[in-house]
Amino acid sequence: MQKYIFLAQIKQNLTESSSFSEQKITINSSFFPKQSGLVSFFINEIEKTAEQLLNQKDIEYSEFYAEKLIKQFDALNSAINKIQEKKNVAQFQSSFQFASNIHTLSPNKRLQEYRKALRALNEKMSWLMEKNYNQENEILKQELQNQIIETEYRKKKCTQAIEDLEQELLFK
């Protein structure tokens, strides 16, 4: 009876990982037969280790399989955390296309490009603020705050360039 309770507890602990079962991961651990594969493969290996632990009569083997089970859980959780962090560190994609030679354009065209850039920076600022608000990891939160400061600086420079160009065009 206790064996079934133990296996049920192991499977319950693996339910969170099973939502990633079709994701491919790499685990740097000698406690699995291979280092790359689907999460479902690693879940099956943990279940096999749990069954092997339950079938042991010798204390030394039991201790070995218990340690292996813990190390497998740790390695799998670490790999899944990396997947989640990669999802959280998404890159901003602007919907605007910019001329690569903006400084060689005529003042009117340059003004249009700077205004487009300002709209893109405003979009990015909104995106960064939302990501920062929803971020729970303190390190990633600080990284986002640094990006917000940098984007504010770029917005300020862009706004100044727009004002300068408007003044230049006004006096022409």
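Lys 48 is partly exposed, at 48% relative accessibility. That class sits between buried, under 20% relative accessible area, and exposed, over 50% (1.4 Å probe, protein chains only). Its salt-bridge partner is Glu 45. Glu 45 is buried, at 12% relative accessible area.

The model is predicted: local features need pLDDT of at least 70, side-chain atom pairs count only at pLDDT 80 or more, and totals for chains, interfaces and linings use all residues. Numbering runs from 1 along each chain as its sequence is written, and side-chain values use heavy atoms, with hydrogens and water left out.

**Salt bridges**

The structure holds three salt bridges. The criterion is a side-chain nitrogen of Lys or Arg within 4 Å of a carboxyl oxygen of Asp or Glu.

| Pair | N to O distance |
|---|---|
| Lys 48 and Glu 45 | 3.4 Å |
| Glu 113 and Lys 116 | 3.2 Å |
| Arg 115 and Glu 166 | 2.5 Å |

Why are Lys 48 and Glu 45 separated by about one helical turn? They are three residues apart in helix α2, residues 39-54. Helices here are DSSP runs (H or I, at least four residues), strands are E runs of at least two, and both are numbered from the N terminus. An α-helix has 3.6 residues a turn, so residues three or four places apart point the same way.

Glu 113 and Lys 116 are also three residues apart, in helix α4 (residues 107-134), and about one helical turn separates them. Glu 113 is buried at 11% relative accessibility.

Which helices does the pair Arg 115 and Glu 166 join? Arg 115 lies in α4 and Glu 166 in α5 (residues 138-170), so this pair ties together parts 51 residues apart in sequence. Both ends are partly exposed: Arg 115 has a relative accessible area of 36%, and Glu 166 stands at 35% relative accessibility.

**Annotated spans**

UniProt, in an unreviewed entry, lists residues 43-86 and 111-168 as "coiled-coil region". Its positions are given in the numbering used here, feature names are shortened, and annotations may be inferred rather than shown by experiment. In the model, residues 111-168 are 95% helix and 0% strand. The end C-alpha atoms of that span lie 10 Å apart.

**Helix α1**

Helix α1 covers residues 2-18, which is 17 residues. From first C-alpha to last, α1 reaches 24 Å, close to the 24 Å expected at 1.5 Å a residue. The expected span is 1.5 Å times one less than the number of residues. Which residues of α1 are buried? Ile 10, Leu 14 and Ser 17 are.
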